[in-house]
Amino acid sequence: AEAALRAGAAFVNITSDTVARDPRWLDRFTAAGLPLLGDDLTSQFGTSIVHHALLRLLEERGLTLVSSYQVNLGGTEDFRNLVENDNTKLRSKLNALNTTEATAGRVELAPLGYLPHLESHKVAHINIEAQAWGGTPVSLDLKLKVHDPSGGAGVIVDLVRIAAHALRRRHGGYPPEATSLLKSPPSV
């Protein structure tokens, strides 16, 4: 981020590290008239976006969330790194899921798992326990397997396009049109 500021360039943070959510960075990029996008991209069709959509659907249909969990396994070096330093990634994934009063404190994430034989694939398990009308129990178990790098590639291209557009328009700071593509955008 510091190098981007010195170079007069936009900065796109696709990792879970706090950059765009840090008011000091955001203020510096805004003052410099440079776009700052982040933090942590949401894959085109990944675990966080699917889990979030299912939780939102429960709420829209009037079901009460009892509990939910998510387990993510992968074989990339990113997963290996995340297993060794998972605090920011787990926080970011929770940011993407605990977005309403109905889900707050009811969604849990297991630590990320690194399984080298999965190579570039990610396997996720989602469980949702809810109550429907009259207290009727509803249970959902879902397994999602995706090619992890491909799921992020198109989103990265979109984030770069948004950053380039904001840079051409000389709009510094965080462009709100990037929000749906990120797990932990700043609250601006």
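Biologist: Among contacts between residues at least 6 apart in sequence, what share joins residues at least 24 apart?
Modeller: This is a predicted model, where local features need pLDDT of at least 70, side-chain atom pairs count only at pLDDT 80 or more, and totals for chains, interfaces and linings use all residues. Residues are numbered from 1 along each chain as its sequence is written, and side-chain values use heavy atoms, with hydrogens and water left out. A contact means heavy atoms within 4.5 Å. Of the contacts between residues at least 6 apart, the share joining residues at least 24 apart is 72%.

Biologist: Which pattern does the chain follow along the sequence?
Modeller: Helices (H or I, at least four residues) and strands (E, at least two) are DSSP runs, numbered from the N terminus. The chain has six helices and seven strands. Read in order, they give α-β-α-β-α-β-α-α-β-β-β-β-α.

Biologist: And how does the radius of gyration sit against the globule rule for 188 residues?
Modeller: The radius is taken over C-alpha atoms, and the rule is 2.2 Å times the number of residues to the power 0.38. That rule gives 16 Å here, and the chain is close to it, so it is as compact as a globular protein of that length. The C-alpha atoms fill a box of roughly 55 × 40 × 25 Å along the principal axes. The radius of gyration itself is 18 Å.

Biologist: What percentage of the residues is buried?
Modeller: Buried means under 20% relative accessible area, exposed over 50%, and partly exposed in between (1.4 Å probe, protein chains only). Out of 188 residues in the chain, the buried part is 40%.

Biologist: Which residues form the aromatic cluster?
Modeller: Rings of Phe, Tyr and Trp (its six-membered ring) pair if their centres lie within 6.5 Å; planes under 30 degrees apart count as stacked, over 60 as edge-to-face and the rest as tilted. By this rule there are two aromatic pairs. Phe11 and Phe29 have centres 6.5 Å apart and planes at 40°, so they are tilted, and this pair links strand β1 (residues 11-12) to helix α2 (residues 23-32), 18 residues apart. Trp25 and Phe29 are tilted too, with centres 6.4 Å apart and planes at 50°, so the cluster is Phe11, Trp25 and Phe29.

Biologist: What is the phi of Asp40?
Modeller: Asp40 is also in the loop between β2 and α3. Asp40 is buried, with a relative accessible area of 2%. Its phi is positive though it isn't a glycine, near 70°.

Biologist: Is Glu119 buried or exposed?
Modeller: Glu119 sits in the loop between β5 (113-114) and β6 (121-131). Glu119 also has a positive phi, about 50°, without being a glycine. Its relative accessibility is 56%, so Glu119 counts as exposed.
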